[in-house]
Amino acid sequence: MGGWAIAVHGGAGVDPNLPAERQEEAKRVLSRCLHLGIAALRGGAAAVDVVEMVVRGLETDPVFNSGRGSALTRRGTVEMEASIMDGRGRRCGAVSGLSTVKNPISLARLVMDKSPHSYLAFDGAEEFAREQGVEVIDNSYFITEENVGMLKLAKEANSILFDYRVPVPGVETCSASAGSMVDNPLQMNGLPISIYAPETVGCVVVDSGGWCAAATSTGGLMNKMIGRIGDSPLIGSGTYACDLCAVSCTGEGEAIIRSTLARDVAAVMEYKGLGLQEAVDYIIKNRLDEGQAGLIAVSRNGEVAYGFNTTGMFRACATEDGFMDVGIWE
Amino acid sequence: MGWSIALHGGAGDIPYSLPPERRAPREAALRQCLAIGVAALKASRPPLDVVELVVRELENCPHFNAGKGSVLTTDGTVEMEACIMDGNTQKCGAVSGLSTVVNAISLARLVMEKTPHIYLAFDGAEAFAREQGVETVDANHFITPENVERLKQAKEANRVQIDYTQPVKEDKPQETSSGKGDSQIGTVGCVAVDGSGNLAAATSTGGLVNKMVGRIGDTPVIGAGTYANSFCAVSATGKGESIIRATIARDVAALMEYKGLSLREAAAYVVNNVPRGNVGLVAVSAKGEVTMPFNTRGMFRACATEDGYSEIGIWPSETDCVLPDPKR
């Protein structure tokens, strides 16, 4: 026990029919980013620096839903969000509504380190980005052709399935349907799995000093309303780190928020004395009800764990004693 | 078991020397809002309706930092946020960055009930408000002379400290209260439970004086400033950053659920584990207990239970409004 550990994820809720070459490509990116983190940890880097660096790598690669390759709003634009938490002192930083910042996770870090606040959003966040001199680029950079196509399919499917909602004319809300359009009846967030963009990327790390940190970044939900904020920037929901552990979640944002998923993993460890894997399993089993999500976690003891109740989660993990795993399915 | 309700108008460095002309209207408002909430509970309105109703009243009152009377951003504008959560279903709704919506808490409820999402902010939230036809007004409606003055004082106090365009770690500005009289920290909130143990929480705020444009605090972050499940309902107030990192509202419920603490124990534990001067909260449990702990100098608060207990306060009192459960 002890030593460093790292886990990364590229989103939960994967199409079982995803072509083999797409699966390999995703695993390659995960592995590459994992190794970036491993090299830094071997060099004695601090957890909070490692998670930022690894998530930057994931944001820059268009394969996953964050930074370049983010899911599109209903208007076809990109609104990115991210958060980072340093278990050492439980400092945190978060951003939402970014449209030109190349690496949202780094802006979240700057909110934590260089502003008097914990969370900045939309115009205010964009302005802060310029004051800080971070790299900005036209919104079109983040939009991939593939996601433009996905947005079109999502609009055609046009079903966000929440059966407790009352349909209001003029607002695209609930009610069934899309099943007939695709062969696969599996759904995430009301979209057929074949056109769902698994939300989010994340990284959790415990460094050689036993300090934990977590970082999460996303473009959010395909076809989301303008201004919609999901779980990724919300401390306690999509991201959490304390002196016991660090957690990053992915999946149906609304389900993750309602169950404050990331905080709950730490809470059952802290208040019920569960071990890391026990805590992860307990939370995935008991806290999600109808919601679908996955998460990765590390503990200060150098353990790594993950869990999901979705069809698959893109993930990779490694520990100092040589364990390594890159996977998608159970 | 019976119904209970608690509400707050913000925790902070409320000076004992608060002049009568500033104290009286706030106490009157607390009394009035409590009465409205109690009447609704007696009329068997669901707690979710009750907390929304009470917070609307608090938002409309210009003496508290929410809705009309919201504190100003560094640009002199108003950016309001709010959050509501239903304990039974754990459905929730949140909004941030509102500048024209008269009652942010009602928009938060509409996000919860009329969209597939939980949280809408800034332009998107304002657009949704118009789609829903909620009451909107010119942004000037919310700005009070008191708050223009507060902003001026804050800028003067912080002029040397806050210079975040020159990022040097030692000079990192802190979220502070200006310490000049009135509490700079504020928020309003309400929690309620009915006789069947249905719980709900609602919180609303203008945020922090002189905050950066786009700053989001703890209020709309589920688990930080607002939370409700089948154990309890919590609304917190104080220093946003502290409340977020300590996941205050969620932790009260988590301690009850995972460690078996009582409402009062859980709330006291959470408040005591945050540095002094940072936080206050109101909470009710499914059993009808109420607690209103704070570690600031004061917290504008009020509570009542079906058994006939009621309290309105600003500074610490001998009891903190808790009914011992005779069955324990």
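Begin by selecting B:Arg22 and B:Glu146, which form a salt bridge whose closest N and O atoms are 3.5 Å apart; a salt bridge is a side-chain nitrogen of Lys or Arg within 4 Å of a carboxyl oxygen of Asp or Glu. B:Arg22 belongs to helix 1 (residues 20–42) of chain B and B:Glu146 to helix 5 (residues 145–158) of chain B, so the pair ties together parts that are 124 residues apart in sequence. Helices (H or I, at least four residues) and strands (E, at least two) are DSSP runs numbered from the N terminus. Over all chains, the structure holds 31 salt bridges.

This is a predicted model, in which local features need pLDDT of at least 70 and side-chain atom pairs count only at pLDDT 80 or more, while totals for chains, interfaces and linings use all residues. Residues are numbered from 1 along each chain as its sequence is written, chains are lettered from A and ligands numbered from 1 in the order in which they are written, and side-chain values use heavy atoms, with hydrogens and water left out.

Next, select helix 3 (residues 104–114) and helix 4 (residues 122–132) of chain A, which pack at an angle of about 80° with their axes 11 Å apart. Axes are lines fitted to C-alpha atoms, for helices over the stretch in contact, and angles run from 0 to 180 degrees between N-to-C directions. The two helices of chain A are therefore roughly perpendicular to each other, a term for angles of 65 to 115 degrees. In this contact (heavy atoms within 4.5 Å), helix 3 of chain A contributes A:Leu107, A:Leu110, A:Val111 and A:Lys114, and helix 4 of chain A contributes A:Ala125, A:Phe128, A:Ala129 and A:Gln132.

Now turn to the interface, where 54 residues of chain A meet 52 residues of chain B. The two chains, A and B, bury about 4600 Å² between them, 61% of it on carbon and sulfur atoms; buried area is the accessible area (1.4 Å probe) that two parts lose on being put together, summed over both. Select A:Pro116, A:Arg258 and A:Tyr271, which supply 15% of the area that chain A buries against chain B, more than any other three residues.

Finally, select A:Arg263 and B:Asp251, a salt bridge with its closest N and O atoms 2.7 Å apart. Across the interface of chain A and chain B, three salt bridges are found.

How values were computed:
Parallel < 35°, antiparallel > 145°, perpendicular 65-115°, else oblique.
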